[in-house]
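Here are my notes for a first look at this one. Keep the structure open beside you and go through the points in order.

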Amino acid sequence: MNSQTVCRTGLQGLDDITGGGLPVNRLYLIQGAPGVGKTTLALQFLQEGARNGEKALYITLSETKEELEAIAISHGWDLTNISFFELSAVEERLKDGASSTFFHPSEIELDLTTKALLEEVEKIQPSRLVFDSLSEMRMLAETPLRYRRQILQLKQFFSGRKCTVLMLDDCTSGLKDLQIESIAHGVLSLTSLSPSYGISRRQISIQKIRGVKFHEGNHDLILQKGGMVIFPRLIAADHYSDFKMEHFPSSIQRLDLLLGGGLDRGTSNMFMGPPGTGKSTLAMKFAIEAAKKGEKVLMFLFDETIQTLVSRARSLGMDPTDFIASGTITIEQINPAEISPGEMSHWIRNSVLKHGTRMVIIDSINGYLNAMPEANFLALQLHELLAFLNQQGVITIMVLAQQGIVGNMKSTVDLTYLADTVVLLRYFEAYGAVKQAISIIKKRSGDHERTIREISVSKTGIEVGEALTNLQGVLNGIPTFAKEPEKSTSGTIEGTHVK
């Protein structure tokens, strides 16, 4: 669709969803409950037209011009090039018909209101118009038949005037107005979900736009200073890039042996285990190795602060400070109550496509789950995100904290089937000490070692020992010896520790 046949909305996300904008010279219904952002969307639509030298008119029957200007000031907008026509101007003209008794007062009021509005449009000759709102027109009409006829009259009036019209409806009648939806060329619905805790989650969906192939479904949006921002739902099939399949080693020899050479590009990898086993530290190790190669890394922290992560990494000999300062490693601390999954997916997509990010770390998936307003759709949303990253050749690392310390571990949600590689970390008891073990449960992209090795984390970094071939039951937490072990002078199990 070219620029001569579409009307850019002033919202990049909405233009992406509609394939470039709304078809020009058509009437559109924007519906949603009060507070979802209809007025904000409408003002951005008119501002876009004003920037392009188009005449823009806002007809308001529900808010005053002063109220609209207050909204504009809060966003830092200048409405100088937008014309306004408000209810007070209409009321002046209604006084002329007040003395008539032959017709019902509501009929006179509706006819005079409509006449006043159309006269204003004739005078301004706008290319873009917003009508706010249909609820007032519906009350004036009183009956569904008169209301439908009035909307049809408006549609016919605008059809030959090269004007793109947005009609706002706050849905206060409580009923879905299918009649108006059938008349409109396109229908956009705004919704708001208020979770038990955290900010409201707003979404936009397109019910129809005649003759346009648009992205269906719900798309997350936010209202912030500067206006509405829409995050189109990520569709992995729309993005594909050729890349070289290769191993990405950790530089820890025995860990790379376990992984069959390292993590593979274009794969999703899950580090799972109980708290404190070294999952986040292992993820940071891969981030540091990527940064050393000059590859950009994006980390999302849900469960700890950036200061805590950097301080801990520095104490383990993996100081990321210089890489963070240079922008090679970007760490974002996320509050699950303040972000939507769509916003996060959009964030990641831009980082990969615009800034060349080659590794994405989500720490942890438990925090990502808490960011979902409806946990039932976590797997679908995450599947689409991982498919996109894999197609871009990005290495994705997900940290999943399991419940429990030893014995039978449980996960809040089972997402291991989404991962190409699953790295399992466990505690186990030996000689009166608590030790840690690491193993690879699966690796779709190639072969891997199937042994269980001891892993330790100290100020010298991450160390991985020999395979625990003499022990059985390590994953259960209380292993037994398969045969009599040899004692070492260091007091550790012989062959399980690397110095």
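1. Start at asparagine 269, which stands opposite threonine 421 in β19. Keep in mind that this is a predicted model. The strands around that spot are β14 (residues 268–273) and β19 (residues 421–430); they run parallel, and four bridges join them.

2. Now zoom out to the sheet. Nine strands make it up, and it is open, with the order β16-β15-β17-β18-β14-β19-β20-β21-β22 and mixed pairing. Which strands stand at the edges? They are β16 (329–333) and β22 (461–467); each has a single partner strand, so one side of each has no neighbour in the sheet. From one strand to the next, the twist averages 20 degrees.

3. Next, look at what packs on the sheet. Helix α10 (residues 279–292) touches β14, β15 (296–301), β16, β17 (357–363), β18 (395–401), β19, β20 (433–443), β21 (453–458) and β22. The direction of α10 makes about 165 degrees with that of β18. Helix α11 (residues 306–315) packs on the sheet too, touching β15 and β16, and its direction makes about 135 degrees with that of β16.

4. There's a helix pair to check as well. Helix α13 (residues 341–355) packs with helix α15 (residues 378–391) at an angle of about 0 degrees, and their axes are 11 Å apart. Angles under 35 degrees count as roughly parallel, and α13 and α15 are therefore roughly parallel to each other. On the α13 side the contact is made by Pro341, Gly342, Ser345, Ile348, Arg349, Val352 and Leu353, and on the α15 side by Gln381, Leu385, Phe388 and Leu389. By class, the contact residues are seven nonpolar, three polar and one charged.

5. How many cavities of 30 Å³ or more does a search of the whole structure find? It finds two. The largest holds about 50 Å³ of space, and its lining is Ile59, Leu117, Leu118, Leu129, Phe131, Leu154, Phe158, Val165 and Met167. At least two lining residues come from each of α5 (105–124), β6 (128–132), α7 (144–159) and β7 (164–169). The lining has nine nonpolar residues, no polar and no charged ones.

6. Last, the second largest cavity, with about 40 Å³ of space. Thr9, Leu11, Leu14, Leu22, Ile30, Leu41, Phe45, Leu166 and Leu188 line this one. Its lining counts eight nonpolar residues, one polar and no charged.

Methods
Residues numbered from 1 in each chain as written. Predicted model: local features only at pLDDT ≥ 70, side-chain atom pairs only at ≥ 80, totals over all residues. Heavy atoms only, no water. Pairing = 2+ DSSP bridges. Axes fitted to C-alpha atoms, helices over the stretch in contact; angles between N-to-C directions. Contact = heavy atoms within 4.5 Å. 1 Å grid on protein atoms, 1.4 Å probe; cavity = no way out; pocket = protein on both sides within 12 Å on 5 of 7 lines; lining within 4 Å. Points joined across faces, edges and corners; volume = space filled by probe spheres on them. Nonpolar A, V, L, I, M, F, W, Y, C, P; charged D, E, K, R; others polar. Parallel < 35°, antiparallel > 145°, perpendicular 65-115°, else oblique.
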